[in-house]
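Dear colleague,

Please find below the structure that I am handing over to you, with its sequence. My findings follow directly after it.

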Amino acid sequence: MNHAQLLEHFLAFGKNNGLEVAPGEMPGQARFGIEHLGITARGTVVCEEDPVSLQIICRLPVKTLAQHRTKMVQLLNGLNLRTRFGSFQFDPEDGEVVFRSGLPVHEEVSVPGQIAFAFGMVVASFGQAARRLAAFATVGGEVGPALRAMVESSDPDASTPVPRRPSRKRSPGARRPSGLN
C-alpha cells in the first residue's frame, strides 16, 4: 500500500464519519477539523509508505502566551508521563501545543478499522486534556495543581487520557514494611 492509497482510506473514513476533511498541501497529507468536548481544533494526517503508517496531529486552537511558556513545558512533560498513546509537543517559538500520534498500518487487517482506532484514540487523548490546556495557555497557573486537576478529575469532560493513579493511602492499622522510614 502506498501513501496515496492510505490517504484515500482516511478521506473515506472522514466522509463516512461526518468529519471536515480535505487533501493537504503535500502528497499523502490531509487536513481535518474536529470538535470534541467544547474545543474546536484543526489537524493534519500524514500517510507514509515505508513503513506504511499514519500520523495524526491535532493543534490546540490557542497559542500559549509568552509568560506561561515555561510552565506549559512543565505541564506537558507531566501530562506526557501519564499519556499512553501519543504525546503532547510544544513549540517554544510561537507557543503552539500539538498532540501527535502514529500507528503502523497492516494491510492484513481492516485498514478502515485501524484508521478508526487511531483517530478515536487521538481524539480522546487530545480532547480530554485540550480544554484545560487551552485555559492554562492563556490564563496560566501553577503546574502541580493544574496537572493534578487533569489527572484526578472525576469530570469526564475534563479528565486526562489515562486512568487515575491508585491511592497510596494505607488502610488504618496497616504497618510499613520494616526497614522503611
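Phe 10, Phe 13, Phe 32 and Phe 119 form one aromatic cluster. Rings of Phe, Tyr and Trp (for Trp, its six-membered ring) are taken as a pair if their centres lie within 6.5 Å; planes under 30 degrees apart count as stacked, over 60 as edge-to-face and the rest as tilted. A search of the whole structure gives 7 aromatic pairs. In one of them, the ring centres of Phe 10 and Phe 119 are 5.9 Å apart and the planes stand at 55 degrees, so this pair is tilted. The pair links distant parts of the chain, since Phe 10 belongs to helix α1 (residues 3-16) and Phe 119 to helix α3 (residues 111-139), 109 residues apart. Both Phe 10 and Phe 119 are buried, where buried means under 20% relative accessible area, exposed over 50% and partly exposed in between (1.4 Å probe, protein chains only).

Please note that this is a predicted model: local features need pLDDT of at least 70, and side-chain atom pairs count only at pLDDT 80 or more, while totals for chains, interfaces and linings use all residues. Residues are numbered from 1 along each chain as its sequence is written, and side-chain values use heavy atoms, with hydrogens and water left out.

Overall architecture

The chain contains 4 helices and 6 strands; helices (H or I, at least four residues) and strands (E, at least two) are DSSP runs, numbered from the N terminus. From the N terminus on, the order of the elements is α-β-β-β-β-α-β-β-α-α. Of the 181 residues in the chain, 41% are buried.

Helix packing

Two packed helices are described by the angle between their axes and the distance between the axes. Axes are lines fitted to C-alpha atoms, for helices over the stretch in contact, and angles run from 0 to 180 degrees between N-to-C directions. Angles under 35 degrees count as roughly parallel, over 145 as roughly antiparallel, 65 to 115 as roughly perpendicular and the rest as oblique.

Helices α1 and α3 pack at an angle of about 65 degrees, and their axes are 10 Å apart. These two helices, α1 and α3, are therefore roughly perpendicular to each other. For α2 and α3, the angle is about 160 degrees and the axes are 10 Å apart; α2 and α3 are therefore roughly antiparallel to each other. The crossing of α1 past α3 is right-handed, and α2 also passes α3 in a right-handed crossing. A crossing is left-handed if the near helix is turned anticlockwise from the far one by less than a right angle, and right-handed if clockwise.

Leu 75 lies in helix α2 and counts as buried at 0% relative accessibility. The C-alpha atoms of Leu 75 and Pro 145 are separated by 9.9 Å, although the two residues are 70 apart along the chain.

Strand pairing

Two strands pair if DSSP finds at least two bridges between them. Strand β4 (residues 52-59) is mostly covered, with 7 of its 8 residues buried. On one side of the pairing list, strand β3 (residues 39-49) is joined to β4 by 8 bridges, and the two run antiparallel. Glu 48 has Ser 53 in β4 as its bridge partner. A hairpin through 2 residues joins β3 to β4. Pro 51 is found in the loop between these strands, β3 and β4, and the peptide bond from Asp 50 to Pro 51 is cis, with omega near 0 degrees.

Strand β4 is also joined by 7 bridges to β6 (residues 96-104), again antiparallel; here Leu 54 has Leu 103 in β6 as its bridge partner. Strands β5 and β6 pair in the antiparallel sense over 5 bridges, with Ser 87 opposite Arg 100 in β6. The hairpin of β5 and β6 has 4 residues between the strands, and Gly 95 in the turn has a positive phi of about 80 degrees. Most residues other than glycine have a negative phi, and most peptide bonds are trans.

Thr 83 is found in the loop between α2 (69-80) and β5 (87-91). With a relative accessible area of 11%, Thr 83 is buried. A polar atom of its side chain lies 2.8 Å from the backbone oxygen of Leu 79.

With kind regards

Notes: A polar contact is a pair of N or O atoms within 3.5 Å; within protein, one must be able to donate a hydrogen and the other to accept it, and residues adjacent in sequence count only if both atoms are side-chain atoms.
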